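Trainee: I have not worked with this structure before. May we go through it step by step, by question and answer?

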Amino acid sequence: MIHDLEGEELEKLSDSFFALSSERRLQTLYFLTEPKSRQEIADELGISRQAVTQHLDKLIKHGFVEEIEGWRDSGPVAEFRVIPNRLFALGMALVDLGNLEATGGEDRIGSMATEPLDDVPDAERPIEVSHPDPHLLILDGPLAGERFQLEGKRSRWTIGRGENRDLKIDHDPYVSSQHCEVRLTPRGYAIVDAYSANGKLVNFTRLPRGERAPLKAGDVVRVGRTGLVFQKE
């Protein structure tokens with residue numbers, strides 16, 4: 001939780017949010033999902049190359065953008081692109097802020113209650129879609145909503161940031177290269193820790209290093225800061 005952070009960590013977090021407190025820098029991040037040169041950024045945003053350099057310097061300093069070598073017809077050129085996992089980590093820090101609970105004063109929960117489903121017009125009701133079983137539903141990051149199928153004549157599926165993982169979660173910097181595995185055992189599916197440095201939670205309970213826990217439909221596994229729901233239909 002955010003209140004457990006040390007002073008130095010809070011200062012870094014504050015500096016990171018301040019670095020993004022510019023409409024131009026936010027526009028730059030959206031534009032840099034593909035590598036672009038300074039001039040291309042300037043043309044897109046309608047600002048000078050000098051202004052672009054100032055924005056890029058701040059984004060690079062805080063780890064949101066990196067400079068790489070590119071090529072144009074005129075020859076080599078410096079290009080810039082966004083670093084998604086750095087933004088993901090900051091986004092999760094912001095999620096932690098949303099988990100703070102205030103006590104005392106007027107109860108605001110009632111005013112934030114969602115509309116009962118019975119009062120929602122039929123045209124706005126969610127459509128139920130069946131999915132092959134079993135699978136892991138990804139809850140966070142750019143993969144949110146995707147389903148990783150546990151299929152085929154296999155009994156083991158690896159999860160982590162590494163290139164050879166079956167479920168590759170490289171947007172989350174809190175995920176280890178080889179983080180954990182899902183295994184099909186005679187008693188059903190289980191999640192197994194791969195002695196990862198970052199650990200994992202199963203239904204919000206930490207799984208000890210090297211240990212395993214059985215999986216049943218609806219179980220939530222948190223790998224790094226990414227949530228996965230085990231579903232069987």
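**A hairpin and its sheet**

Mentor: Let us begin with a hairpin formed by β13 and β14, which has two residues between its strands. Gly-224, in the turn, has a positive phi of about 65°. Please bear in mind that this is a predicted model.

Trainee: How many bridges join β13 to β14?

Mentor: The two strands run antiparallel. Among the facing residues, Val-223 has Thr-226 of β14 as its bridge partner, and Val-221 stands opposite Leu-228 of β14. The number of bridges that join β13 to β14 is four.

Trainee: Which residue of β14 does His-135 stand opposite?

Mentor: His-135 brings us to β4, which covers residues 135-138. β4 and β14 run antiparallel and are joined by four bridges. The residue of β14 opposite His-135 is Gln-231.

Trainee: Which are the edge strands of the open sheet of six strands?

Mentor: The order in this sheet is β5-β4-β14-β13-β10-β11, with antiparallel pairing. An edge strand here pairs on one side only. The edge strands are therefore the two at the ends of that order, given the pairing criterion of at least two bridges: β5 (147-149) and β11 (205-206).

Trainee: Is β14 mostly covered or mostly open, and how many of its residues are buried?

Mentor: A residue counts as buried when its relative accessible area is under 20%. By that criterion β14 is mostly covered. Of its six residues, the number buried is five.

Trainee: Which are the edge strands in the open sheet of five strands?

Mentor: This sheet has the order β7-β6-β8-β9-β12, and its pairing is mixed. Each edge strand pairs on one side only. The edge strands are β7 (167-168) and β12 (212-214).

Trainee: Which residues have the most contacts inside the largest nonpolar core?

Mentor: In soluble globular proteins, nonpolar side chains tend to be buried together. The largest such core here has 21 residues. The elements that give it two or more residues are β4, β6, β8, β9 (188-193), β13 (220-223) and β14 (226-231). The residues with the most contacts inside this core are Leu-136, Ile-159, Leu-167, Val-182 and Ile-191.

Trainee: How many residues are in the second, separate core?

Mentor: That core includes Ala-19, Leu-20, Leu-45 and Ala-51. Its number of residues is 20.

Trainee: Which residues does Val-182 touch, not counting residues up to four places away in sequence?

Mentor: Val-182 is among the residues with the most contacts inside the largest core. With the residues up to four places away left out, it touches Leu-136, Leu-150, Ser-155, Arg-156, Trp-157, Ile-159, Tyr-189, Ala-190, Ile-191 and Leu-215.

Trainee: Is Thr-28 buried or exposed?

Mentor: Thr-28 lies in helix α2. Leaving aside neighbours within four places in sequence, it is in contact with Ile-41, Leu-45, Leu-56 and Leu-59. Because its relative accessibility is 2%, Thr-28 counts as buried.

Trainee: How are α3 and α4 oriented to each other: oblique or roughly perpendicular?

Mentor: α3 and helix α4 (residues 49-61) pack at an angle of about 105°, with their axes 9 Å apart. Arg-38, Gln-39, Ile-41 and Ala-42 of α3 meet Arg-49, Val-52, Thr-53 and Leu-56 of α4. The angle makes the two helices roughly perpendicular.

**A loop residue**

Trainee: Is Tyr-195 buried or exposed?

Mentor: Tyr-195 is found in the loop between β9 and β10 (200-202). Its phi is near 55°, a positive value in a residue other than glycine. Because its relative accessible area is 55%, Tyr-195 is exposed.

How values were computed. Residues are numbered from 1 along each chain as its sequence is written. This is a predicted model: local features need pLDDT of at least 70, side-chain atom pairs count only at pLDDT 80 or more; totals for chains, interfaces and linings use all residues. Side-chain values use heavy atoms; hydrogens and water are left out. A nonpolar core is a set of buried Ala, Val, Leu, Ile, Met, Phe, Trp, Tyr and Cys residues joined through side-chain atoms within 4.5 Å. Buried means under 20% relative accessible area, exposed over 50%, partly exposed in between (1.4 Å probe, protein chains only). Contact means heavy atoms within 4.5 Å. Axes are lines fitted to C-alpha atoms, for helices over the stretch in contact, and angles run from 0 to 180 degrees between N-to-C directions. Angles under 35 degrees count as roughly parallel, over 145 as roughly antiparallel, 65 to 115 as roughly perpendicular and the rest as oblique.
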